[in-house]
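Reader: I have the model open and would like to go through it with you. Could we take the loops, then the interior, then the surface?
Author: Gladly; here it is.

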Amino acid sequence: MATPNHNFITVLIRVGLGAVFLYSGTIKVIDPSAFTGIVTNYQLLSPSLVVATAIVLPWIELLCGMALIFGRFEIGAALLTTLMMVVFIGIGFYNVYRGLDIACGCFSLSAREPANIISNTARDLAILGAGAWILKTSWKPALSR
């Protein structure tokens, strides 16, 4: 059984992670054309998939953020955020391998924002760790319900 301090830490991490994804999704929903430009810069998807990604991904981030903040479907939201971070980290390294210096579009839609693989990866690993923490602490109690 989790201690009260353990539960408090998990709630803080869950709400913090939710806020990160709520913010990230909101800026993209507000300006979908700018986010479409960011997705296009990655040079990974066909034009139709770029548009679909630019429309769907922000809403997934918003829904995950709200689920985490309100503590509903947090296991699914934590799993999705964790998987997204694995993909985003992989794409970041792939861009470095290809010699591309692309603004990530995570928290700013400015295409002029220089990419910094070290700080982006450190931030993404912290977010990945938060999602993994929520999965680790929430999964077992959900199975025993």
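Reader: Is Phe-73 buried or exposed?
Author: Phe-73 counts as exposed, because its relative accessibility is 67%, where exposed means over 50% relative accessible area, buried under 20% and partly exposed in between, with a 1.4 Å probe and protein chains only. Before we go on, this is a predicted model, in which local features need pLDDT of at least 70 and side-chain atom pairs count only at pLDDT 80 or more, while totals for chains, interfaces and linings use all residues. Residues are numbered from 1 along each chain as its sequence is written, and side-chain values use heavy atoms, with hydrogens and water left out.

Reader: Where is Phe-73 found, and what is its phi?
Author: Phe-73 sits in the loop between α3 and α4, the helices being DSSP runs of H or I with at least four residues, numbered from the N terminus. Its phi is positive, about 55 degrees, although Phe-73 is not a glycine. Most residues other than glycine have a negative phi.

Reader: And what about Gln-43, where is that one found?
Author: Gln-43 is in the loop between α2 and α3, and it has a positive phi of about 55 degrees without being a glycine. With 53% relative accessibility, Gln-43 counts as exposed.

Reader: What is Leu-68 in contact with, leaving aside neighbours within four places in sequence?
Author: With those neighbours left out, its partners are Arg-14, Val-15, Leu-17, Gly-18, Glu-74, Ala-77, Ala-78, Thr-81 and Ile-134, contact meaning heavy atoms within 4.5 Å.

Reader: How many salt bridges are there?
Author: The count is two, taking a salt bridge as a side-chain nitrogen of Lys or Arg within 4 Å of a carboxyl oxygen of Asp or Glu. One joins Glu-61 to Lys-28, with the closest N and O atoms 2.9 Å apart. Since Glu-61 lies in helix α3 and Lys-28 in helix α1, this pair ties together parts that are 33 residues apart in sequence. Both Glu-61 and Lys-28 are buried.

Reader: Which side chains meet in the salt bridge at 3.3 Å?
Author: Those of Asp-124 and Arg-123, N to O. Asp-124 counts as buried at 6% relative accessibility, whereas Arg-123, at 24%, counts as partly exposed.

Reader: Now the surface: which residues form the nonpolar patch?
Author: Val-51, Ile-55, Val-56, Trp-59, Ile-60 and Leu-80 form it, together having about 530 Å² of accessible area, by the Shrake-Rupley method with a 1.4 Å probe, where only the protein chains shown count as cover. Such a patch joins nonpolar side chains (Val, Leu, Ile, Met, Phe, Trp, Tyr) within 5 Å, from residues with over 30% relative accessible area and no salt bridge. Its largest share, five residues, comes from α3.

Reader: Where is the place of Leu-80?
Author: Leu-80 is in helix α4, and with a relative accessible area of 41% it is partly exposed.

Key
Helix = DSSP H or I, 4+ residues; strand = E, 2+ residues; numbered from the N terminus. Patch = residues over 30% accessible without salt bridge, like charges linked within 9 Å, V, L, I, M, F, W, Y side chains within 5 Å.
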